[in-house]
Amino acid sequence: MSQLKEGVDYYTLDDGRLVFTSNYHLKRGYCCSRGCKHCPYDYENVPAVKRARLLKERQHNEQQQDR
């Protein structure tokens, strides 16, 4: 993968942690199974129980943003 670009491939939280964007994940080409916040693959490789929780949380967060 080419060099990462801040604001495109990732952003940094106040505590210094990096968060990869869906753009980064799409370049990588697959779900890594870690439950990443911006997974564009709907967590397809995450174990079922955790996957269901993550999808429910994502749906809830999207509904909150629409208000």
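Cys36 is partly exposed, at 22% relative accessible area. The scale runs from buried (under 20%) through partly exposed to exposed (over 50%), using a 1.4 Å probe and protein chains only. The sulfur of Cys36 lies 3.7 Å from the closest cysteine sulfur, in Cys32, too far for a bond. A disulfide needs two cysteine sulfur atoms within 2.5 Å.

By this rule the count is zero disulfides. Cys32 is in none; its nearest cysteine sulfur is that of Cys36, 3.7 Å away. Cys32 counts as buried because its relative accessibility is 15%.

## Basis of the model

This model is predicted: local features need pLDDT of at least 70 and side-chain atom pairs 80 or more, while totals for chains, interfaces and linings use all residues. Numbering starts from 1 along each chain as its sequence is written, and side-chain values use heavy atoms, without hydrogens or water.

## Asp9

Asp9 sits in the segment before strand 1 (10-12). Strands are DSSP E runs of at least two residues, numbered from the N terminus. Asp9 counts as buried because its relative accessibility is 0%.

The Asp9 side chain makes a polar contact with the side chain of Lys27 at 2.9 Å. Such a contact pairs N or O atoms within 3.5 Å; within protein, one must be able to donate a hydrogen and the other to accept it, and sequence-adjacent residues count only if both atoms are side-chain atoms. Beyond four places in sequence, Asp9 touches residues including Leu4, Val19, Phe20 and Tyr24. Contact means heavy atoms within 4.5 Å.

## Nonpolar core

The largest nonpolar core has six residues: Cys31, Cys39, Tyr41, Tyr43, Val46 and Leu54. A core joins buried Ala, Val, Leu, Ile, Met, Phe, Trp, Tyr and Cys residues through side-chain atoms within 4.5 Å. Leaving aside neighbours within four places in sequence, Tyr41 contacts His25, Leu26, Gly29, Tyr30 and Cys31.

Terms used: Helix = DSSP H or I, 4+ residues; strand = E, 2+ residues; numbered from the N terminus.
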